[in-house]
Amino acid sequence: MASVAVDPQLSVVTRVINLPLVSSTYDLMSSAYLSTKDQYPYLKSVCEMAEKGVKTITSVAMTSALPIIQKLEPQIAVANIYACKGLDRIEERLPILNQPSTQANTCFPNLDLDVCLKNNGRFLTSQTVVKLYL
């Protein structure tokens, strides 16, 4: 089977990460995480140990998975193409994805997070939440 090169510009993962809603939410969460670590020294040491463990595990997992990833590269490329097409459709139907989280929050000014997360003791899906507010 011929090797299919995947252009990183077209990677669905890269596209999702670069969506304004995703990247701005990541920035907000990262900032909150870092400021929390700075405020609480004991928590900072625990978080740093956890971060080191995750980095080590990730490194080992990537080293182990690399031969499999290389072998499945053509299938991954095809899956990426279909995922990009799906993302195109999602972006068309949800223009909120192309707004930063600060703007997206204004789209649902009456959104009560408790209602979104829980309804009579049952957790709601995102589809149910959207139906509630549309």
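1. Helices here are DSSP runs of H or I with at least four residues, strands are runs of E with at least two, and both are numbered from the N terminus. By that count, I68 sits in helix α3. Before going on: this is a predicted model, where local features need pLDDT of at least 70, side-chain atom pairs count only at pLDDT 80 or more, and totals for chains, interfaces and linings use all residues. Residues are numbered from 1 along each chain as its sequence is written, and side-chain values use heavy atoms, with hydrogens and water left out.

2. The overall layout. The protein chain has seven helices and two strands, and from the N terminus the order reads α-α-α-α-α-α-β-β-α. Of the 134 residues, 14% are buried (under 20% relative accessible area; exposed is over 50%, partly exposed in between, with a 1.4 Å probe and protein chains only). The accessible surface is about 10700 Å², and carbon and sulfur atoms hold 65% of that (Shrake-Rupley method, 1.4 Å probe; for residues, only the protein chains shown count as cover). Among contacts (heavy atoms within 4.5 Å) with a separation of 6 or more, 56% are between residues 24 or more positions apart.

3. Back to I68, and its surroundings on the surface. I68 is exposed, at 52% relative accessible area. I68 belongs to a nonpolar surface patch of about 510 Å², together with M62, L66, I69, L72 and I76. Patch members need over 30% relative accessible area and no salt bridge; nonpolar side chains (Val, Leu, Ile, Met, Phe, Trp, Tyr) are joined within 5 Å, like charges within 9 Å. Helix α3 (residues 41-71) is the top contributor to the nonpolar patch, with four residues.

4. Now α2 against α3. Helix α2 (residues 20-39) packs on α3 at about 125°, with the axes 6 Å apart. The axes are lines fitted to C-alpha atoms, for helices over the stretch in contact, and the angles run from 0 to 180 degrees between N-to-C directions. On the α2 side the contact uses Y33, T36, K37, D38 and Q39, and on the α3 side P41, L43, K44, C47, E48 and E51.

5. I69, Q70 and K71 of α3 meet E73, P74, Q75 and I76 of α4.

6. Salt bridges: there are three (a side-chain nitrogen of Lys or Arg within 4 Å of a carboxyl oxygen of Asp or Glu). One of them pairs K37 with E51 at 2.9 Å, N to O. K37 is in helix α2 and E51 in helix α3, so this bridge ties together parts that are 14 residues apart in sequence. K37 counts as buried at 8% relative accessibility, while E51 is partly exposed at 26%.

7. The side chains of D88 and R15 form a salt bridge at 2.6 Å, N to O, linking helix α4 to helix α1 (residues 12-17) across 73 residues. D88 is partly exposed, at 34% relative accessible area. E91 and R15 also meet in a salt bridge, at 2.6 Å, N to O; E91 lies in helix α4 and R15 in helix α1, 76 residues apart. Through shared partners, R15, D88 and E91 form one salt-bridge network.
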